[in-house]
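Take a look at the sequence and the structure, then read on.

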Amino acid sequence: VDFFVKRIVLPGDVNVALQVWDIGGQSIHGNMIGTYIYGCDAVLLTYDITNYQSFVNLEDWFGLVKKSFTKNNKELPYVALVGNKTDLFHMQTVKMEKHATVRY
């Protein structure tokens with residue numbers, strides 16, 4: 001697990017600490033996901049555009065996010081879908097049309 005922090009000041013003198021927990025490579029059914037996302041305000045579900053299975057796995061990852069928040073009676077955080085390795089567009093296996101089918 002990699003962890004990054006970036007502190008920024010938004011307009012109106014609002015201090016924000018952005019924390020990014022990169023849990024890539026973790027088992028989808030691991031027990032630690034709830035610990036990593038506890039109390040978060042947003043989740044970025046990231047997949048590799050050159051690896052179709054990583055896109056398919058998003059449904060399982062989103063299910064874990066939902067499970068973690070519902071078992072604690074918490075409102076779901078903002079969830080965004082992010083495709084990475086876009087510099088390898090010529091190797092893309094997940095076409096843009098597939099994004100329109102994502103309904104979690």
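**A first look**

At 40% relative accessibility, lysine 85 counts as partly exposed; buried means under 20% relative accessible area, exposed over 50%, and partly exposed in between, using a 1.4 Å probe and protein chains only. Lysine 85 is found in the loop between β4 (78-84) and α4 (96-99), and its phi is positive, about 65°, although it is not a glycine. Please keep in mind that this is a predicted model, in which local features need pLDDT of at least 70, side-chain atom pairs count only at pLDDT 80 or more, and totals for chains, interfaces and linings use all residues. Residues are numbered from 1 along each chain as its sequence is written, and side-chain values use heavy atoms, with hydrogens and water left out.

**The overall fold**

- The protein chain has four helices and four strands; helices (H or I, at least four residues) and strands (E, at least two) are DSSP runs, numbered from the N terminus.
- Read from the N terminus on, the elements follow the order β-β-α-β-α-α-β-α.
- The protein chain has 104 residues, and 25% of them count as buried.
- Its accessible surface comes to about 7700 Å², of which 54% belongs to carbon and sulfur atoms; accessible areas come from the Shrake-Rupley method with a 1.4 Å probe, and for residues only the protein chains shown count as cover.
- Among contacts with a separation of 6 or more, 60% are accounted for by residues 24 or more positions apart; contact means heavy atoms within 4.5 Å.

**The nonpolar core**

- Which residues have the most contacts inside the largest nonpolar core? They are Ile33, Ile37, Leu45, Tyr47, Phe55 and Trp61, in a core of 17 residues.
- A nonpolar core is a set of buried Ala, Val, Leu, Ile, Met, Phe, Trp, Tyr and Cys residues joined through side-chain atoms within 4.5 Å.
- The elements that give two or more residues to this core are α1, β3 and α3, and α3 provides the largest share, six residues.
- In soluble globular proteins, nonpolar side chains tend to be buried together.
- Leaving aside neighbours within four places in sequence, isoleucine 33 is in contact with Ile23, Trp61, Leu64 and Ser68.
- Leucine 64 has its place in helix α3 and counts as buried, because its relative accessibility is 13%.
- Leucine 64 and isoleucine 33 are 31 residues apart in sequence, and their C-alpha atoms are 7.4 Å apart in space.

**The largest pocket**

- The largest pocket has a volume of about 1100 Å³.
- Of the 34 residues that line this pocket, the closest to its centre are Trp21, Asp22, Ile23, Val43 and Leu44.
- Two or more lining residues come from each of β2 (14-22), α1 (33-37), β3 (42-48) and α3 (58-70).
- On a 1 Å grid over the protein atoms alone, a pocket is an open set of points where a 1.4 Å probe fits, with protein on both sides within 12 Å along at least five of seven lines; lining residues have an atom within 4 Å of a point.
- Grid points are joined across faces, edges and corners, and the volume is the space filled by probe spheres set on the points.
- The lining divides into 21 nonpolar, 10 polar and three charged residues; here Ala, Val, Leu, Ile, Met, Phe, Trp, Tyr, Cys and Pro count as nonpolar, Asp, Glu, Lys and Arg as charged, and the others, Gly among them, as polar.

**Residues in loops**

- Is aspartate 13 buried or exposed? Aspartate 13 counts as exposed, because its relative accessibility is 66%.
- Aspartate 13 is found in the loop between β1 (2-10) and β2, and its phi is near 60°, a positive value in a residue other than glycine.
- Most residues other than glycine have a negative phi.
- Cysteine 40 sits in the loop between α1 and β3 and is partly exposed, with a relative accessible area of 22%.
- Leaving aside neighbours within four places in sequence, cysteine 40 is in contact with Phe69 and Pro77.

**A residue in strand β1**

- Phenylalanine 4 lies in strand β1 and is partly exposed, with a relative accessible area of 48%.
- The C-alpha atoms of phenylalanine 4 and tryptophan 21, 17 residues apart along the chain, are separated by 6.6 Å.
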